[in-house]
Amino acid sequence: MLNDLLDEFDKLCQMRHAIVHSSRILAGKNAVRLNVPPNNQKVLVKTGYAQLQECASICISCVMALNLKLFEEMMTRWAINWRKIDDFWNSIDENHYFTGMWDVFSSEIDRTDAQLAEMTKTKCKNAVKKEFHV
């Protein structure tokens with residue numbers, strides 16, 4: 001899923017480049033990257049409200065997917081890797097380490113969105129501990 005989102009984001013970047021640097025003309029490397037067949041006519045990038053909303057959706061989805069991937073990696077480090085480092089890990093500071101990551105990765109807006117599962121720091125920490133048998 002993340003690769004698909006990054007591919008879509010790359011397409012946005014190609015179109016943005018054409019808009020900003022080529023007066024909306026999609027040509028050269030941008031056209032090649034988007035698999036636009038050669039054409040004698042100028043291909044113009046046009047954006048309306050619906051296209052702008054789709055662009056925003058792609059960007060938001062990409063950021064959320066990347067954040068989730070990074071959060072999963074950091075939770076693996078917190079639950080497994082860091083605990084193996086004797087001169088680093090201190091079980092007294094377990095909550096402090098988790099809180100630092102929670103503060104960076106959690107979104108108050110997303111946590112209260114009715115479409116997303118409401119998650120508290122404690123619920124998340126307990127779920128991670130259960131997942132990794134900590």
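In which helix is Q14 found? Select Q14: this residue is found in helix α1. Before going further, note that this is a predicted model, in which local features need pLDDT of at least 70, side-chain atom pairs count only at pLDDT 80 or more, and totals for chains, interfaces and linings use all residues. Residues are numbered from 1 along each chain as its sequence is written, and side-chain values use heavy atoms, with hydrogens and water left out.

**Stop 1: the whole chain**

Show the chain as a cartoon. Its secondary structure comes to six helices and zero strands; helices (H or I, at least four residues) and strands (E, at least two) are DSSP runs, numbered from the N terminus. Along the sequence the pattern reads α-α-α-α-α-α.

Now turn the model to see its outline. The C-alpha atoms fill a box of roughly 70 × 35 × 20 Å, taken along the principal axes. The chain has a radius of gyration of 21 Å, whereas a compact globule of 134 residues would have one near 14 Å. That radius is taken over C-alpha atoms, and the globule rule is 2.2 Å times the number of residues to the power 0.38.

Buried residues make up 21% of the 134 residues, where buried means under 20% relative accessible area, exposed over 50%, and partly exposed in between (1.4 Å probe, protein chains only).

**Stop 2: helix α1**

Select residues 2-21, which form helix α1. This helix has 20 residues and reaches 28 Å from its first C-alpha to its last, close to the 28 Å expected at 1.5 Å a residue; the expected span is 1.5 Å times one less than the number of residues. Its buried residues are L5, L12, Q14 and A18. Their cover includes α2 (28-33) and α3 (49-81).

Return to Q14, which counts as buried because its relative accessibility is 10%. Leaving out residues up to four places away in sequence, Q14 touches L26, K29, N30, R33 and L34; contact means heavy atoms within 4.5 Å.

Next select A18, also found in helix α1. Why does A18 count as buried? Because its relative accessibility is 0%. Not counting residues up to four places away in sequence, A18 touches S23, R24, I25, L26, N30 and V45. V45 lies 27 residues from A18 in sequence, with 7.4 Å between the two C-alpha atoms. S23 follows α1 and has a positive phi, near 55 degrees.

**Stop 3**

Move to α3, which has 33 residues and reaches 46 Å from its first C-alpha to its last, close to the 48 Å expected at 1.5 Å a residue. Buried here are I58, C62, A65, F71, M74, M75, W78 and A79. What covers the buried residues of α3 includes α1, α4 and α6 (121-132).

How many aromatic pairs does the structure hold? There are seven; rings of Phe, Tyr and Trp (its six-membered ring) pair if their centres lie within 6.5 Å, and planes under 30 degrees apart count as stacked, over 60 as edge-to-face and the rest as tilted. W78 and W89 form an edge-to-face pair, at 6.4 Å centre to centre and 75 degrees between the planes. W78 is in helix α3 and W89 in the loop between α3 and α4, eleven residues apart. Both W78 and W89 are buried.

**Stop 4: helix α4 and E94**

Helix α4 covers residues 94-105. It has twelve residues and reaches 17 Å from its first C-alpha to its last, close to the 16 Å expected at 1.5 Å a residue. The buried residues of α4 are E94, Y97, F98, T99, M101 and W102.

End on E94, which counts as buried because its relative accessibility is 11%. Leaving out residues up to four places away in sequence, E94 touches W78, R83, W89, K125 and K129. The side chains of E94 and K129 make a polar contact at 2.9 Å; a polar contact is a pair of N or O atoms within 3.5 Å, and within protein one must be able to donate a hydrogen and the other to accept it, while residues adjacent in sequence count only if both atoms are side-chain atoms.
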